[in-house]
Amino acid sequence: MTTAMVFADSHAHLDFPDYQGEWEQIFLAAQQAGVGYVTTVGTRLAGAETLCAMASRFPNLYATVGVHPHHAKEEPITVEEILAHCDHPKVVAIGESGLDFHYDFSPRPQQEANFRAHIRAAHIADLPLIVHTREAEEATRAILDDEGIPGRGGVIHCFTGTKEMAEWALARGFHLSFSGVLTFRTAQPLREIAAQVPLDRILIETDSPYLAPVPFRGKRNVPAHVVYVARTLAECRQTPLSEIASATTENYKRLFRIDSHPVPEGSKAPLPSATLAYTIGNSLYLNVTRGCTLRCRYCPKWQDEPLVHHYDLTLHRNPTAAELIAAMGEVGGYDEVVFCGFGEPTLRLAVILDVAADIKRRGGKRVRLNTDGLANLVHRRDVTPAFCGLIDAVSVSLTAQDQTTYDRLCQPALAGSYQGVLDFLRVVQAHVPHVTATAIDGAEGVDIAACRKIAEVLGVHFRVRLLNRLG
Ligand code: SF4
Ligand SMILES: [Zn+2]
């Protein structure tokens, strides 16, 4: 019936014991039923490697990394622990995470702490966030607003919330994902909400093995059943099923950046070395990460053609230290090697320190770090002593003379970012010989003289950059 239609189940749990020994058949059966894509969602960090291995078995199966709020008490996690799993090429999102005040299986403060860690990890890894929220709308909104919505957005999974929650989430760029609950006889209010959501923000899911749709209610659910959710959606929106299928699948692919993950089964897609290391003048630049906690208005990353000079620095995943070292080649001939690129290098602190040590070993003349100055804020400790002897110069984007201008231009995800940059400039001088603060001439509202004055008072050099010139 649906040969031409392709559906995407945005949320299933194929690693659950309900499918033991069977999950592969179940995935293949879903594909036969027209469910071309499935995301199997993490609920335990301990299971992250299993999920990645499962996703590596099939091209159209993807994984996520997260700890369900139910498990927050057994697995209190840090941002670093989440990030440790995010470089796998089949990992397309962080989550599921959030708050469940219906069951309260974990103490609320622990759920909240875990939720915050996931949001921060989504900012840093530049991945979308999968949010679970049950009877906790207000607290969910407060925490997300406090931490800032990750740059890649996310999805409120198994949406069963209020109209207010739907509006709040849509206004912040979230997608809403509807599950088998939509088919339940009593779910008329939910169907009314679903009828109003813009078509380009809707996902569908099964939440398998739970929440089987009518007519399978109460039975074990499987991804193939997502077609029944799509049908109900088509009915309540009075839209042809084919349109629902193509829109929700397009939304799925866009949110999870599926076309950026053309990964051969079981292997890591190689990253082109031209994207990892590139030259400007006699300097060698290294592209370390795609993530950052800012969303600068002038950043080329968010433009249609993300080019720096003529290099396309789009990274589909974060490179390892070994990949960067291989891409650099001989370093002795360059005036300097610079950590830079379309993201914030210090988010990958261990990687840049490894690479810097290698550059020094191989006779590199000078190592420079271009940074947003937020390393200490992100890592919640002073990381600058680790730069000693490895980093010779840092250029820090001061950007603006005051917080209001900074916030407008950089749209920071983390509270206290501007103050964080000033503090960083103060402490980094003890460990790095050459420290420069920079600001962009021509950026709206920036007072270059006032920025220069701040640099003087802090005792660092100052350099003016030109608008639309990075690197
Ligand atoms: S300019 Fe740098 S810090 Fe700002 S959004 Fe772009 S990558 Fe992030
Ligand atoms: Zn789930």
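Predicted model: local features only at pLDDT ≥ 70, side-chain atom pairs only at ≥ 80, totals over all residues.
Student: Okay. Which residue does K163 form a salt bridge with?

Tutor: Its partner is E167, and the closest N and O atoms of the two are 3.2 Å apart. E167 also counts as partly exposed, at 45% relative accessibility.

Student: Where do K163 and E167 sit in helix α6, and how many residues apart are they?

Tutor: Helix α6 covers residues 163-171, and the two residues are four apart in it, which means that about one helical turn separates K163 from E167.

Student: Which residues are joined into one network by salt bridges that share partners?

Tutor: That network is made of R44, K73, E74 and E75.

Student: And how many salt bridges does a search of the whole structure find?

Tutor: The search turns up 21 salt bridges. One of them is between the side chains of E22 and R220, at 3.2 Å from N to O. This pair links distant parts of the chain, 198 residues apart. E22 is in the loop between β1 (7-12) and α1 (23-32), while R220 is in the loop between β8 (202-204) and α8 (226-237).

Student: Nice. Are E22 and R220 buried, exposed or partly exposed?

Tutor: E22 is partly exposed, with a relative accessible area of 30%. R220 is partly exposed too, at 36% relative accessibility.

Student: What about D126, which residue forms a salt bridge with that one?

Tutor: That would be R152, with the closest N and O atoms 3.1 Å apart. D126 is buried, with a relative accessible area of 3%, whereas R152 is partly exposed at 25%.

Student: Let's switch to the metal. Which residues are the protein donors of the zinc ion?

Tutor: The zinc ion is ligand 2, and its protein donors are H11 (NE2), H13 (NE2), E96 (OE) and D207 (OD). They lie 2.0 to 2.7 Å from the zinc ion.

Student: What spacing do those donors follow along the chain?

Tutor: The pattern is H-x1-H-x82-E-x110-D.

Student: What is phi of R257 near?

Tutor: Phi of R257 is near 50°, a positive value in a residue other than glycine. R257 is found in the loop between α9 (241-255) and α10 (273-276), and R257 counts as buried at 17% relative accessibility.

Student: And what about phi of Q411?

Tutor: For Q411, phi is near 45°, again positive in a residue other than glycine. Q411 is in the loop between α14 (403-410) and α15 (417-428), and counts as partly exposed at 34% relative accessibility.

Student: Now the other ligand. How many residues surround ligand 1?

Tutor: Eight residues surround ligand 1, and the closest are C292, L294, C296, C299 and G343. By class, the shell has six nonpolar, one polar and one charged residues. C292 is buried, with a relative accessible area of 16%.

Student: With cysteines around, how many disulfides does a search of the whole structure find?

Tutor: Zero disulfides. Take C86: the nearest cysteine sulfur, that of C52, is 8.7 Å away. A disulfide needs the two sulfur atoms within 2.5 Å.

Student: Is C86 buried or exposed?

Tutor: C86 is buried, with a relative accessible area of 5%.

Terms used. Residues numbered from 1 in each chain as written. Chains lettered and ligands numbered in written order. Heavy atoms only, no water. Buried < 20%, exposed > 50% of the residue type's maximum accessible area, 1.4 Å probe, protein only. Near = heavy atom within 4 Å. Nonpolar A, V, L, I, M, F, W, Y, C, P; charged D, E, K, R; others polar. Salt bridge = Lys/Arg side-chain N within 4 Å of Asp/Glu carboxyl O. Donors = N, O, S within 2.8 Å, 3.2 Å for Na, K, Ca; no water.
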